[in-house]
Amino acid sequence: MKQSNLIPVIDKGFEINYLSKKNKSHGWLKKYNDSDEKFSQLESLFQLHRHDVLEVLVFLDGECEFFCEGKTYFLRSGDVVVIPPYAVHKATVKNMDNYERIIVSVSEHLMDDYLSSSASMQENIVYQKTQSSHVIHLHPKHSQEVHSLLHDMNHRIKNNEDNFSFTLHYLLFQVLQIIFDPASSMPNLNNKEKLDQRFVSILEYIESHLTEPNLSLDNISRYFHLNKYYFSHYFKKNMHLPFYRYVSLKRLSFAVTMIKQNQHSIEDIALNCGFPDYSSFYRLFKKEYNISPKKLQMEYKNLY
């Protein structure tokens, strides 16, 4: 099975991954036994991709231009990128030798547990969404606290502490509390460009109508009173993806999550995700992931 551009659901609740000068030479690069250039081509982070989990990228060092849902950011030390589930994004790194970051992926069920136990975190996440930015620039003090907590987590995991342990989950809870607390951050003015409000409205419209079969270029351009050829060019310029490709990736991501939940037939999932019929869903799915949806379902059943 070829590497997919969709990061799968994690059943341990969370995953933490360091990329630093220290572990790069002993880890990922040796895994591929190739150059930094080859590594950047193979690592899915450097391609347009999306997840079915919340991802938090803590930027440590280097030069990185980060693209997420139509916005581009130049990251600097202390920046935290919060990537919601299914958001299309990628990183462009100038020099892999100097690139360092920590990525924490948090499953939906664990985030639900955190939010149900912390009304303040829930309010802070809602507030963060209203800022229309995926990047949070932490104060140096709070940035150091986050790094220290993540280092402690990583050390415990390396010493074979179970990912289900209360201590690890509590440490991660503290990390997220700091990151989402508005008092922890400073104004972040390093955006390369800001989305115009019309494009924000278009993305919100797509999100709310994603599973509807009639979400088409003709219908959405008509809804926003735009010529469809202009709309097509306008969307691709802002998103770096054609409209149909973007919608297809979103729907396929949603389908993968439903397949792994194993609560509906593949045929029902295809229709529930907005595909007009099973055959078109199958064709797109197989092309994107190099595996049939039913085979993915069987592989997932065998794992658990």
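His 142 lies in helix α6, which spans residues 140-158; helices here are DSSP runs of H or I with at least four residues, strands are DSSP runs of E with at least two, and both are numbered from the N terminus. At 18% relative accessibility, His 142 counts as buried, a word that stands for under 20% relative accessible area, while exposed stands for over 50% and partly exposed for what lies in between, with a 1.4 Å probe and protein chains only. Leaving aside its neighbours within four places in sequence, His 142 is in contact with Ile 178, Ala 183 and Ser 184, where contact means heavy atoms within 4.5 Å.

The structure is a predicted model, in which local features need pLDDT of at least 70 and side-chain atom pairs count only at pLDDT 80 or more, whereas totals for chains, interfaces and linings use all residues. Residues are numbered from 1 along each chain as its sequence is written, and side-chain values use heavy atoms, with hydrogens and water left out.

We turn now to the sheets. Strands of a sheet pair through backbone hydrogen bonds, either parallel or antiparallel. In this model, six strands form an open sheet in the order β2-β9-β4-β7-β10-β11, and the pairing is antiparallel; two strands are said to pair if DSSP finds at least two bridges between them. At the edges of this sheet stand β2 (14-19) and β11 (185-186), each of which pairs on one side only. Strand β7 (residues 79-83) is joined by three bridges to strand β10 (residues 135-138), and these two run antiparallel; Val 80 has Ile 136 as its bridge partner in β10.

Another residue of strand β7 is Val 82, which is buried, with a relative accessible area of 5%. Although Val 82 and Leu 54 are 28 residues apart along the chain, their C-alpha atoms are separated by 7.5 Å. If neighbours within four places in sequence are left aside, Val 82 is in contact with Leu 54, Glu 55, His 134, Ile 136, Ile 179 and Phe 180.

There is also an open sheet of three strands, with the order β6-β5-β8 and antiparallel pairing. Because β6 and β8 stand at the edges, each with a single partner strand, one side of each is left without a neighbour in the sheet. Neighbouring strands of this sheet are turned by 20 degrees against each other on average, direction ignored, where the axes are lines fitted to C-alpha atoms, for helices over the stretch in contact, and angles run from 0 to 180 degrees between N-to-C directions.

Strand β5 (residues 64-68) is mostly covered, since four of its five residues are buried. Five bridges join β5 to strand β6 (residues 71-75), which runs antiparallel to it; here Phe 67 stands opposite Thr 72, and Glu 65 stands opposite Phe 74. Five bridges also join β5 to strand β8 (residues 89-93), again antiparallel, and the bridge partner of Phe 66 in β8 is Ala 91.

Most residues other than glycine have a negative phi. In the hairpin of β5 and β6, which has two residues between the strands, Glu 69 takes a positive phi near 45 degrees, and at 10% relative accessibility Glu 69 counts as buried. His 240 also has a positive phi, near 65 degrees, and is found in the loop between α10 (228-239) and α11 (243-261); at 38% relative accessibility, His 240 counts as partly exposed.

The last stop is a pair of helices. Helix α4 (residues 108-117) and helix α5 (residues 119-130) pack at an angle of about 110 degrees, with their axes 5 Å apart. That angle makes α4 roughly perpendicular to α5, a term that covers 65 to 115 degrees, while angles under 35 count as roughly parallel, over 145 as roughly antiparallel and the rest as oblique. From α4 the contact is made by Met 111, Tyr 114, Leu 115 and Ser 117, and from α5 by Ala 119, Met 121, Gln 122 and Ile 125.

Which residues of α4 are buried? They are Leu 110, Met 111, Tyr 114 and Leu 115. Seen down the axis of α4, these buried residues fall within an arc of 135 degrees, so they line one face of the helix; the arc is that of the directions from the helix axis to the C-beta atoms. What covers them includes β2, β4 (54-61), β9 (100-106), α5 and α7 (166-180), whereas the face of α4 turned away from its buried side carries the exposed residues Glu 108, Ser 116 and Ser 117.
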